[in-house]
Amino acid sequence: SRDPIEEAGGLNLYAFCRNNSLTTIDYLGLDIYVAIYYTREDQPAFLHAAETYKRNIEKSKGFNSRCDIIILKGVLTKEDFKRVWDEIYQESQNSSQKIRELHIFSHSRPGNISLKGRTCSSAEIEELPCLPWQNSGKIVCHGCRSGLPDSNGNSLIKSFALSQKVTAQGQSGFSQFSKHKNYRTIFSIINPDTKKVYLWSYGDGGEDNTLGKAREPCEEYPQ
């Protein structure tokens with residue numbers, strides 16, 4: 001499509017996509033929102049949580065549908081996660097895009113993201129290239145105990161915060177899928193047909209974690 005800022009950006013209304021409006025995406029919007037989700041076919045709730053996040057951003061007051069971008073990326077393995085991160089990095093090098101938020105909907109445990117086959121450790125996260133962030137940019141990890149350190153004192157949110165130079169948030173308990181829009185305080189169990197899905201930690205971190213309120217606030221680094 002034509003440049004959303006029209007002639008204000010120059011007379012060539014397709015220069016923003018290097019005169020290739022069919023295959024090139026304009027990443028010159030005001031804000032970029034990213035959701036990376038675990039993509040196993042037998043666990044579709046992670047995808048539904050990412051799609052719910054996308055819909056909520058689109059309805060939010062600060063979202064500009066003419067300029068802002070929402071990117072959803074599915075990953076299955078550690079290699080997928082690194083590849084997707086590199087794709088976002090490479091795409092951003094050809095534009096002035098800035099990321100406002102990046103959310104990760106996946107399994108996790110203290111110190112790593114748990115994916116099929118192998119985990120992505122805190123040390124590997126610190127080696128990821130630094131993405132271009134808005135000054136108020138943040139990363140939110142929704143998986144279980146993603147805000148807690150492992151036995152060596154390493155945590156996902158600390159590694160993300162240090163490598164990406166943004167604030168990172170993670171869960172202090174075991175996460176559950178909930179269908180209630182007030183997901184930070186109210187748990188409501190989903191069924192196989194539920195499409196509006198939220199992922200957050202509930203209860204006190206024990207095995208019976210489907211009761212009680214979500215742990216608020218979540219862990220944050222830097223504090």
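User: How many salt bridges does a search of the whole structure find, and what makes a contact a salt bridge?

Analyst: The search of the whole structure finds nine salt bridges, a salt bridge being a side-chain nitrogen of Lys or Arg within 4 Å of a carboxyl oxygen of Asp or Glu. This is a predicted model, in which local features need pLDDT of at least 70 and side-chain atom pairs count only at pLDDT 80 or more, while totals for chains, interfaces and linings use all residues. Residues are numbered from 1 along each chain as its sequence is written, and side-chain values use heavy atoms, with hydrogens and water left out.

User: Why is the contact between E58 and K54 called a salt bridge?

Analyst: The N to O distance between the side chains of E58 and K54 is 2.6 Å, and because the limit is 4 Å, the pair counts as a salt bridge. Both residues lie in helix α1 (residues 45-59), four residues apart, about one turn of the helix; helices here are DSSP runs of H or I with at least four residues, strands are runs of E with at least two, and both are numbered from the N terminus. An α-helix has 3.6 residues a turn, so residues three or four places apart point the same way.

User: Is K73 called buried or exposed, and how do you know?

Analyst: Buried means under 20% relative accessible area, exposed means over 50%, and partly exposed is in between (1.4 Å probe, protein chains only). K73 has a relative accessible area of 16%, so K73 is buried, whereas E87, at 28%, is partly exposed.

User: What makes K73 and E87 a salt bridge, and which elements hold the two residues?

Analyst: The closest N and O atoms of K73 and E87 are 3.1 Å apart, and therefore the pair meets the definition of a salt bridge. K73 lies in strand β2 (residues 69-75) and E87 in helix α2 (residues 78-92), so the pair ties together parts that are 14 residues apart in sequence.

User: What makes α4 a mostly covered helix?

Analyst: Seven of the nine residues of α4 are buried, and among them are L156, I157, F160 and A161. α4 is followed by K165, whose phi is positive, near 60 degrees.

User: Which residues are joined by a cis peptide bond?

Analyst: The cis peptide bond joins Y221 and P222, with omega about -10 degrees, and P222 lies in the segment after β11 (219-221).
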